[in-house]
Amino acid sequence: MTHAMQKGSNIPVTATAVRAVLRWTTGPEVPDVDASALLVGADGRVRSDEDFVFYNQPRHPSGSVWRLGKKQLGEAVTDAVQADLRAVPAAVDRVLVVASAEDVPFEQVRDLRIQLYDAGPGGAPEPVAHFDVRPETGAETALICGELYRRGEGWKFRALGEGYSDGLVGLATDHGISVDENAAEAAAGSGSEAAPGAARTPAAGQGAEQTAAMRPPAPAPATQAPPAVPPAYGYPQSVSPAPVPAPGGDPAFRLPVQGPQFIHR
């Protein structure tokens with residue numbers, strides 16, 4: 001049975017791994033939406049920039065939270081993050097599931113919904129819960145759609161729908177991350193590539209064109225067929241991230257990011 005959630009409501013999470021899927025209807029003038037996640041402590045702030053899982057940093061170093069990417073399902077598009085709740089660091093109190101829309105207000109996003117799935121072995125193809133996310137003003141360009149949070153020895157999920165009119169940068173800043181704009185301007189002025197592990201930052205007011213440039217280059221075509229995808233929601237039932245190298249391991253682990261340089265404050 002799928003729980004239809006209202007804003008502010010919560011449900012217990014009994015699964016050891018969950019998948020949070022953002023789903024919306026595409027069409028003319030509908031912006032692209034990106035899913036991301038913030039791992040925050042009891043004070044609502046990240047411990048470092050590594051606690052921000054987004055398109056330029058698609059998995060957490062602990063291996064506990066990672067992005068799955070977009071799927072086209074007819075007229076609908078999905079983007080998703082997955083969490084292995086057993087592996088979430090003990091210092092992390094909540095995992096925020098975020099939607100952002102490249103400086104385009106969410107009033108232009110149709111039928112936005114977050115769906116929560118049991119991603120553990122034997123999990124059902126139907127969502128455990130869903131929440132129709134409706135912006136309060138329509139001017140929001142980033143939304144916290146829901147959160148996974150600890151309660152005693154277990155976890156719960158709460159429907160939120162809290163919005164930010166200053167986008168993903170504003171949301172991240174509010175949770176202890178700041179954007180170094182000077183580094184980006186210096187890199188742009190010299191025409192040089194950013195240093196490994198660093199990121200370019202859109203200068204204030206440069207808008208959607210610069211935000212779009214934050215994404216890394218498209219990956220090369222896969223050399224083997226992807227796993228079978230259940231048609232109900234477009235993702236394999238159980239997906240594990242690639243192992244995280246030990247410190248000093250493969251330097252290619254961190255993608256050569258091209259977006260904002262997020263620095264823990």
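## Exercises on a predicted model

Ile114 touches Ala20, Val21, Leu22, Val97, Ala129, His130, Phe131, Val133, Cys145, Gly146 and Phe157, not counting residues up to four places away in sequence. Touching, or contact, means heavy atoms within 4.5 Å.

This is a predicted model: local features need pLDDT of at least 70, side-chain atom pairs count only at pLDDT 80 or more, and totals for chains, interfaces and linings use all residues. Residues are numbered from 1 along each chain as its sequence is written, and side-chain values use heavy atoms, with hydrogens and water left out.

**Exercise 1.** Find which residues touch the most other members of the largest nonpolar core.

*Solution.* 
- Start with the term. A nonpolar core is a set of buried Ala, Val, Leu, Ile, Met, Phe, Trp, Tyr and Cys residues joined through side-chain atoms within 4.5 Å.
- Buried means under 20% relative accessible area, exposed over 50%, and partly exposed in between (1.4 Å probe, protein chains only).
- The largest core has 39 residues, and Ile114 and Leu148 touch the most other members.
- Strand 3 (residues 17-25) gives this core its largest share, four residues. Strands (E, at least two residues) and helices (H or I, at least four) are DSSP runs, numbered from the N terminus.
- Another core lies apart from it, with 16 residues, including Val40 and Leu168.
- Here is the general pattern. In soluble globular proteins, nonpolar side chains tend to be buried together.

**Exercise 2.** Decide whether Ser36 is buried or exposed.

*Solution.* 
- Locate Ser36: strand 4 (residues 34-40) holds it.
- Read its relative accessible area. The value is 1%, so Ser36 is buried.
- List its contacts, leaving aside neighbours within four places in sequence. Among them are Phe52, Phe54, Val81, Leu96, Val98 and Leu168.

**Exercise 3.** State what share of the chain's residues is buried.

*Solution.* 
- The chain has 265 residues, and buried residues make up 46% of them.
- Its elements are three helices and 15 strands.
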